[in-house]
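Please look over the sequence and the model first, and then read on.

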Amino acid sequence: MSGLSGGVSGGVSGGVSGGVSGGVSGGVSGGVSGGVSQAIASADALTLSRAAIVGPFEGSTLRVNWPAFDKPANLKRWADGPRVAAVLSEVLEGLSYEADDADKTATLRFASGNRNHRLVQLHGPDDALIEGQLQLVAAYADLRPDRAVEVVEQMGFPVPFWGSVIGLTAHRHGKTLALLDIAFSLAGSVEQRFKQIFATPRPVEFSPQIQPMIPTPGHGAWPSGHATEAFLAATLLQALLDTAMPEQRRHPGNGVASREQLQRLAARIAVNRTVAGVHYPVDSAAGRVLGTALAEYLVARAKGTSVHERGFDCALFIEKDGAPMDFVPLAPMDKASGSAYTRSPKPRDVPKAALLAWLWEEAVKEWQ
């Protein structure tokens, strides 16, 4: 896993911060091809070699099979970075946002036909909720000595942790890593838009006693990006494994069989950000909803199926006695109303994305 940890984790975190083309797949292919070519043949050596063997130019002498116009299968010809960039651009098409200042609500919508449907709606926190949440952040600091190594390792995109659960490796699962790269890039785009809208101050801004153990990120707290990405990864990988090895008479499917560990890991990653002092528990709760919704949307786009609208309401994220509510990873998310977590009973059709569908099918093959 050290190779996966160094190459993949570095590729993902460096890629998303530096650009899509430098993501997991781009980082791997760019590092390998660039390093090998520089080591084997310098520009001067290639120039000398050509001069010695080329002879008089004879024009076009080779047969070339031109790729078909605008076909998803052309993706197999491209390097990982450009492939990821092309698929991501397709995934982002049709997404739009709405913000209601009076209701402190923000909505992510997706286009289907000539209509825009709600994918997820978030009702943000107020001062009273954050004041109560701050008490929980202070209490979580007691766990820092036990979790310090995890917290630091998970500051980027913790792909090696997912690899340890499902056996994800760079040499066998290149298309899966590219799919994760796209998923993390989608999450980064969406979560940053929501963070900008809600502009929730970080815990350290409310108390000098919080003293985070890692640098506080330079953007809003709510919803948690790490929680969004973690639950997106957990949900997406479960769907991928179930598609590759579906339910049989005596087996529920590899995704279902892995669900508990995937969800536990997602929760652990999310909670570690509160332990570190940079997030409130309510940030993780909203991230769980957002990440799950984005994963369901990606799968629906890949398959041309449907999704249910999901929502989160901070006004209901409080105990019955008025005490601050902690993040509970097992809290149900499928109630239609009356809960902080909601899911619409009526599904909405999602248009199939041809490029994403190609990459999804290639990733599925890696697990069969």
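## The chain as a whole

The model is predicted, and its protein chain contains 12 helices and 5 strands. Of the 368 residues in the protein chain, 47% are buried, while the accessible surface of the chain comes to about 18,100 Å², with 53% of that surface belonging to carbon and sulfur atoms.

Among the contacts in the protein chain with a separation of 6 or more, 75% are accounted for by residues 24 or more positions apart.

## Helix α4 against helix α12

Helix α4, which covers residues 80–92, and helix α12, which covers residues 354–365, have axes that come within 8 Å and cross at roughly 125 degrees. An angle from 65 to 115 degrees would count as roughly perpendicular and one over 145 as roughly antiparallel, and α4 and α12 are therefore oblique to each other. The crossing of these two helices, α4 and α12, is left-handed.

On the α4 side the residues that take part are Arg83, Ala86, Val87, Glu90 and Val91, and they meet Ala354, Leu355, Leu356, Trp358 and Leu359 of α12. Sorted by class, this contact of α4 with α12 consists of 8 nonpolar and 2 charged residues, with no polar ones.

## Helix α8 against helix α12

Helix α12 also packs with α8, at an angle of about 135 degrees and with the two axes 8 Å apart. The pair α8 and α12 is therefore oblique, and α8 passes α12 in a left-handed crossing.

From α8, the residues Lys175, Thr176, Ala178, Leu179 and Ile182 meet Leu356, Trp358, Leu359, Trp360, Glu362 and Ala363 in α12. By class, the contact of α8 with α12 holds 8 nonpolar residues, 1 polar residue and 2 charged residues.

## Ala183 within helix α8

Ala183 lies in helix α8, which spans residues 174–198. Is Ala183 buried or exposed? The relative accessible area of Ala183 is 0%, and since buried means under 20%, Ala183 is buried.

When its neighbours within four places in sequence are left aside, Ala183 is in contact with Leu232, Leu236 and Leu298. Ala183 and Ala295 are 112 residues apart along the chain, yet their C-alpha atoms are separated by 7.6 Å.

Terms used
Residues are numbered from 1 along each chain as its sequence is written. This is a predicted model: local features need pLDDT of at least 70, side-chain atom pairs count only at pLDDT 80 or more; totals for chains, interfaces and linings use all residues. Side-chain values use heavy atoms; hydrogens and water are left out. Axes are lines fitted to C-alpha atoms, for helices over the stretch in contact, and angles run from 0 to 180 degrees between N-to-C directions. Helices (H or I, at least four residues) and strands (E, at least two) are DSSP runs, numbered from the N terminus. Angles under 35 degrees count as roughly parallel, over 145 as roughly antiparallel, 65 to 115 as roughly perpendicular and the rest as oblique. A crossing is left-handed if the near helix is turned anticlockwise from the far one by less than a right angle, and right-handed if clockwise. Contact means heavy atoms within 4.5 Å. Ala, Val, Leu, Ile, Met, Phe, Trp, Tyr, Cys and Pro count as nonpolar, Asp, Glu, Lys and Arg as charged, and the others, Gly among them, as polar. Buried means under 20% relative accessible area, exposed over 50%, partly exposed in between (1.4 Å probe, protein chains only). Accessible areas come from the Shrake-Rupley method with a 1.4 Å probe; for residues, only the protein chains shown count as cover.
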